[in-house]
Structures are given as C-alpha cells and as structure tokens.
Amino acid sequence: NRLEALLTFAAREMNEIVPLDLDQNGTVSPDEFALAREALGLALTTNCSVRFDETVARLVGIHAQLDSSNNVDLRFSCELPKFKQLELDFSVICLLAPGHRMFFTLLTPSGETVAERLLSQNSPVVKIQLDPESPAATPAAEAATPTFIGFLKLGIEHILTGYDHLLFLFALLVVTRNTVSALKVITCFTLAHSITLGVATFDLVQLSSRIVEPLIAATIVYVGVENVWKRGDPHGRWMLTFAFGLIHGFGFASVLRELGVGSRGGVAMPLFSFNLGVELGQLAIVAAFL
C-alpha cells in the first residue's frame, strides 16, 4: 500500500548540489554530513516528484544518510492509491555533472523486478503503466530493450572517453610485430578486465578508486618504459597484459557501481550489455589502430 524510494549517489556527486566535504579531504565525515542533511532533503523534495494518473503525491519520510561506502542514500515514500499510470520525475539528475546516468529499478515487495530504465539528463522521467492489483504481472520486457541499449551505449562511451584505458592498450600494441601477438594482447586484456568487472560489480571484491586510479596510471607508465627499455616486442607480454588488465577492470566497474548496479535489482543484463559496449568500442579503436 506504499511506494518506497531509495536514491543512492556518490558523496562527491552530491557536492554538486550541497557542499558536503567541507575540509576537502576526499571523505565526508558524519559531522559534515549532519550539517547538510536538511539541505539534501530539500533538494530531493524540490527536484523529485511522483504522480499517480497526473495527481502529484505527497512525499513523506524524507531522510538522507551516509552508507558504509561513503555514498549518500536519499529515501522517501508516499501512499499508493488506485491508479493506471505511475510517473516518477528524477530531475535531481539535472543538477549533477553533465553525462551523469541513473539506473532505475522498480521492484515488488517480494523483490521481483517490474521495470528497469537507464535515466539521463535528457530523459529523467519514468512512466509505467501498471495494474495496481497485480504489479508483478506487468511485463518487464517492455523496459528491457531500451535499458540494454542504454548500457551498451554507456559501455561504448566509456571506452571512447577512457583515455587511460586507451593509452594502456596503445602502449601494448605499438610494439607488436604481427597479428598473432596483437590478438594475444587484446584477448588477455579483454578476459582480465571482464573478470574483475564482474567480480567488482557483484561486490565480491572492492577497491577504492583512490587506489585503483593511481594503479591504472602506473600500468601505463610501466608499459611505456618497458617499450623504450626493451626495444621490441617484449617476450611474454600477454601475461603482463592479463595482470594489468585485472586492475583496469576495477576502473570499468566503478561506472556500474556508481549507478547502483549490483547493490539492488538485476545485475546480469547491465553487466553483460555494458561489457559488450566496452568490447565493441575497443575492437573498433584497435582495428583502426592496427
């Protein structure tokens, strides 16, 4: 008889709306968050709305808190009347950095997925036709295709703008002397980052971006130095590629984790389509480079 909503954001993204990290040390303390809690709640109520058949619902139970991963959780709820169409407006996304995405999942009380969407600043509104007597019977397949394509595009965008990953790949390939050695490098990189992308998304292993990002930079520097030092196609580079590819996979996973993929709702489809997008973009770039 109620609709309960949970929005999760990285704390640094909330700084775009309300200053949280007052001492600029990269972490939001409980005291810093307490000062901004009321302002965050106000930002939610003024930039999110719920409508049942064009009737705006009154949001209650508005609450903001820090979770164990230093993310900001924003919660609210509203009564669930008889209705034919549910509309949720998450215009709060428009206050964040350009290109931000939100992964939306609608679940029944038993945890079954009713619908999924990948929201952007150009499309922050979700409209879903539901049977209020049996929401679980609503076909989720209607949302599956656009969400699949959305994550596919997100994967392509990420690799095309992932200059660190591209530099690493180019540094590996620039000294390859034949197609076989190039294919070994590409295959090992793909396998390695796919493994850690899955492991991190399923929350089996967690590494802070403050550790991962410097490590990714270090892999690029190391390969560049090795290229100059060894002057040729280094023997056994596929093993090095696999090891360093595992680190790059954590960088890819940060995109899905910030969208909330893995913490709640479906995982397999976003993980598969995002990774497929990364591989398609990567293959296109590698083909042109070779």
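**Helix packing and aromatic pairs in a predicted model**

Helix 5 (residues 179-201) packs with helix 8 (residues 268-289) at an angle of about 155°, and their axes are 11 Å apart. Axes here are lines fitted to C-alpha atoms, for helices over the stretch in contact, with angles running from 0 to 180 degrees between N-to-C directions. The structure is a predicted model, in which local features need pLDDT of at least 70 and side-chain atom pairs count only at pLDDT 80 or more, while totals for chains, interfaces and linings use all residues. Residues are numbered from 1 along each chain as its sequence is written, and side-chain values use heavy atoms, with hydrogens and water left out.

Helix 5 and helix 8 are therefore roughly antiparallel to each other; angles over 145 degrees count as such, those under 35 as roughly parallel, 65 to 115 as roughly perpendicular and the rest as oblique. Their crossing is right-handed, a term for a near helix turned clockwise from the far one by less than a right angle, with anticlockwise giving left-handed. On the helix 5 side, the residues that meet helix 8 include Phe 189, His 193 and Leu 197, and their partners in helix 8 include Phe 274, Glu 279 and Leu 283. Contact means heavy atoms within 4.5 Å. The residues of this contact divide into 8 nonpolar, 7 polar and 1 charged. In this scheme Ala, Val, Leu, Ile, Met, Phe, Trp, Tyr, Cys and Pro are nonpolar, Asp, Glu, Lys and Arg are charged, and the others, Gly among them, are polar.

Among the residues making the contact are Leu 167, Phe 168 and Ala 171 of helix 4, and Ile 216, Ile 220 and Val 223 of helix 6. The residues of the contact of helix 4 with helix 6 comprise 7 nonpolar, 3 polar and 2 charged.

Rings of Phe, Tyr and Trp (its six-membered ring) pair if their centres lie within 6.5 Å, and planes under 30 degrees apart count as stacked, over 60 as edge-to-face and the rest as tilted. The count by this rule is 8 aromatic pairs. One of them, Phe 103 with Phe 151, is edge-to-face, at 5.0 Å centre to centre and 80° between the planes. Phe 103 sits in strand 7 (residues 101-107) and Phe 151 in helix 3 (residues 141-160), 48 residues apart. Both Phe 103 and Phe 151 are buried, meaning under 20% relative accessible area, with exposed over 50% and partly exposed in between (1.4 Å probe, protein chains only). Phe 168 and Phe 244 form a tilted pair, 6.2 Å centre to centre with 55° between the planes. Phe 168 lies in helix 4 and Phe 244 in helix 7 (residues 237-258), so this pair ties together parts 76 residues apart in sequence. Phe 168 counts as buried at 0% relative accessibility, as does Phe 244 at 16%. Phe 168, Phe 189, Tyr 222 and Phe 244 form one aromatic cluster.

For the protein chain, the secondary structure comes to 8 helices and 9 strands; helices (H or I, at least four residues) and strands (E, at least two) are DSSP runs numbered from the N terminus. Of its 290 residues, 45% count as buried.
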